[in-house]
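Colleague: I'd like to learn how to read helix packing and pockets in a model. Can you walk me through it?

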Amino acid sequence: MEQKEFKKHIIPMQSAMQLLAERMLGDVCDAEDVVQDVFVTLWERREELDKVVRIESYCMQMVRMRCIDLIRKRKRQMEHVETIRNLSDEEVMMEVEEMQDRSALLDKLMMEFPKRQRKAVRMRYIDECDT
């Protein structure tokens, strides 16, 4: 799909995609982030979009799946925060020390990787970038 086709077929769906994301997430800023992320992914996959029969459904499904991923991520974070709130001060300190130990071990192991592989792993699993 060329740039002209992308602008003609994909960009006009922005308001519908935004509305879906807002309804699912209940937050305008998060919805904008999701839609922007979907547009970036669509642009990166533009060569494959010619094979998609119903591009509107495809785009809306991408938005829906990204929203579900974000909701799940928030839920995991809230569960972790709630768990920490229920711990005593001593247990929190033990948890922090354990996390620091794991982090130090991970850093030590990562240093054994070649530079490019280390960068790829850091981007994927620490910075949470898409592959």
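This is a predicted model: local features need pLDDT of at least 70, side-chain atom pairs count only at pLDDT 80 or more; totals for chains, interfaces and linings use all residues.

Colleague: How is a pair of packed helices described?

Modeller: You give the angle between their axes and the distance between the axes. Here, the axes of helix 2 (residues 14–25) and helix 3 (residues 28–44) cross at roughly 135 degrees and come within 8 Å. Helix 2 and helix 3 are therefore oblique to each other, and the crossing is right-handed.

Colleague: Which residues of helix 2 meet helix 3?

Modeller: Gln14, Met17, Gln18, Ala21, Glu22 and Leu25 do, and their partners in helix 3 include Val34, Val35, Val38 and Phe39.

Colleague: At what angle do helix 3 and helix 4 pack?

Modeller: About 130 degrees, with the axes 10 Å apart. That pair is therefore oblique as well, and its crossing is right-handed. Among the residues in contact are Asp37 and Thr41 from helix 3, and Met62 and Arg66 from helix 4. The classes here are nine nonpolar, one polar and four charged.

Colleague: And pockets?

Modeller: Rolling a probe the size of a water molecule over the atoms shows where empty space is left. The largest pocket here holds about 720 Å³.

Colleague: What lines the largest pocket?

Modeller: There are 19 lining residues, with Asp37, Asp69, Lys73, Glu128 and Asp130 nearest the centre. Helix 3 and helix 4 (55–85) each give two or more residues to the lining. By class, the lining has twelve charged, four nonpolar and three polar residues.

How values were computed: Residues are numbered from 1 along each chain as its sequence is written. Side-chain values use heavy atoms; hydrogens and water are left out. Axes are lines fitted to C-alpha atoms, for helices over the stretch in contact, and angles run from 0 to 180 degrees between N-to-C directions. Helices (H or I, at least four residues) and strands (E, at least two) are DSSP runs, numbered from the N terminus. Angles under 35 degrees count as roughly parallel, over 145 as roughly antiparallel, 65 to 115 as roughly perpendicular and the rest as oblique. A crossing is left-handed if the near helix is turned anticlockwise from the far one by less than a right angle, and right-handed if clockwise. Contact means heavy atoms within 4.5 Å. On a 1 Å grid over the protein atoms alone, a cavity is a set of points where a 1.4 Å probe fits but cannot get out, and a pocket is an open set with protein on both sides within 12 Å along at least five of seven lines; lining residues have an atom within 4 Å of a point. Grid points are joined across faces, edges and corners, and a volume is the space filled by probe spheres set on the points. Ala, Val, Leu, Ile, Met, Phe, Trp, Tyr, Cys and Pro count as nonpolar, Asp, Glu, Lys and Arg as charged, and the others, Gly among them, as polar.
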